Amino acid sequence: MKNILITGGAGFIGSHVVRLFVNKYPDYNIINLDKLTYAGNLANINDIENAPNYTFVKADICDFDKMLDIFAQYNIDGVIHLAAESHVDRSIKDPFTFAKTNVMGTLSLLQAAKHHWNGDFENRRFYHISTDEVYGSLEFDGTFFTEQTSYAPHSPYSASKASSDHFVRAFQDTFGLPTVITNCSNNYGPYQFPEKLIPLFINNIRHGKPLPVYGKGENVRDWLYVVDHARAIDVIFHNGRLGDTYNIGGFNEWTNIDLIKVIIATVDRLLGNPEGESLDLITYVTDRAGHDLRYAIDSNKLKNELGWEPSLQFEEGIQKTVAWYLENQKWMDDITSGEYETYYDSMYENR
Ligand code: NAD
Ligand code: DAU
């Protein structure tokens, strides 16, 4: 594979994948296709924008004719599909957009790949990036999501991602399209849009704003540093078994409230605030509707078959992450003006 289409490469995880592939594989042509929704930001990848093996295309994955043109124009032989609507709270307010982008957009890409490859699947691959949320929710019983866990999505976001996974498998089974799917746990790190827990709370602490903890803060998430997710995507894109699924996770479970206390302590320390000063900002608010209790990924298959493991301990990752957001205040300020503030206010006035 030489001409690699990466969708959603101006978003959080996509920007790390694009950066890794552009820098690591000078012989590949990396085509980054992104609609630049509110979540897409070219500033996330301005360090590689002039690389000779990199092209940016602004387009909507739902535009099937455009996808056909792009596959033909760049003679695409590999796809890493990350473009999606990704925020659960938004999916509760506006499920249609999630069905459109995540389901119809994925279908549009699958159809374009099928059309362009026209039955010749040698050295071709369609890699779909999915989420652990398709598996639903776990109890506090020490169990994990494995690749065999049945799908049981609860939010419109996870339902749309589950649906897209089913379409990918259907194209593999019906047309022989060479696909691979991964389901990853919560990512954290630089360039995450500040509607998600970690960057939102870092920014709010900095500005002395309330920290809205949903419910009792006892929900559990399994956190993985985003660069380790990008490393896993690299390994699986090149060596993953076709038609297969791999779970990606960090074996790193935190209750929200414990994680929030770590974030507060780290921000206060780096800003030189008195220890524990920002604990007063914790504000318990109405729970998220349908809030999944616990996610935990068993990524042993990926470790045993392809040798991937997270490279970073959580303590180091969260330290690096907080430091990055505090050092890149302009990146944050550029995003958190205008439309975002309006949206953020409207989310909370309904609670
Ligand atoms: P993000 O919201 O930060 O970025 C999504 C990107 O997709 C943006 O650049 C946006 O402009 C683009 N996009 C949205 N709609 C589009 C469309 N119609 N056409 C073209 N581009 C479009 O998301 P993220 O957190 O980086 O997640 C990326 C992928 O990884 C998603 O598929 C998500 O479901 C999956 N995932 C995310 C996490 C996580 O913790 N963030 C974990 C597991 C899986
Ligand atoms: O598990 C993978 C998923 O992780 C990805 O598929 C999603 O794209 C990604 O957004 C993320 O989903 P979550 O809903 O887990 O992430 P979020 O950052 O929105 O919330 C993390 C936890 O924190 C969750 O239990 C809800 C809670 N929360 C979140 C926000 C934004 C709060 O308590 N307060 C908040 O303000």
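The model is predicted: local features need pLDDT of at least 70, side-chain atom pairs count only at pLDDT 80 or more, and totals for chains, interfaces and linings use all residues. Residues are numbered from 1 along each chain as its sequence is written, ligands are numbered from 1 in the order in which they are written, and side-chain values use heavy atoms, without hydrogens and water.

**Nonpolar cores**
- The largest nonpolar core has 32 residues, and Ile198 and Ile202 touch the most other members.
- A nonpolar core is a set of buried Ala, Val, Leu, Ile, Met, Phe, Trp, Tyr and Cys residues joined through side-chain atoms within 4.5 Å; buried means under 20% relative accessible area (1.4 Å probe, protein chains only).
- A second, separate core of 29 residues includes Ile30, Ala51, Ile129 and Ala232.
- Beyond its neighbours within four places in sequence, Ile198 is in contact (heavy atoms within 4.5 Å) with Tyr188, Trp223, Leu259, Ile263, Ile318 and Thr321.

**Ligand 2**
- Ligand 2 is surrounded by 25 residues (a heavy atom within 4 Å); the closest are Asp132, Tyr157, Pro212, Arg288 and His291.
- An N or O atom in the side chain of Asp132 is 2.5 Å from an oxygen atom of ligand 2.
- For Thr131, an N or O atom of the side chain is 2.7 Å from an oxygen atom of ligand 2.

**Ala43**
- Ala43 sits in the loop between β2 (29-34) and β3 (54-58); strands are DSSP runs (E, at least two residues), numbered from the N terminus.
- Its C-alpha atom is 9.5 Å from that of Ser15, 28 residues apart along the chain.
- Leaving aside neighbours within four places in sequence, Ala43 is in contact with Tyr191 and Trp331.

Terms used. Buried means under 20% relative accessible area, exposed over 50%, partly exposed in between (1.4 Å probe, protein chains only). Helices (H or I, at least four residues) and strands (E, at least two) are DSSP runs, numbered from the N terminus. A polar contact is a pair of N or O atoms within 3.5 Å; within protein, one must be able to donate a hydrogen and the other to accept it, and residues adjacent in sequence count only if both atoms are side-chain atoms.
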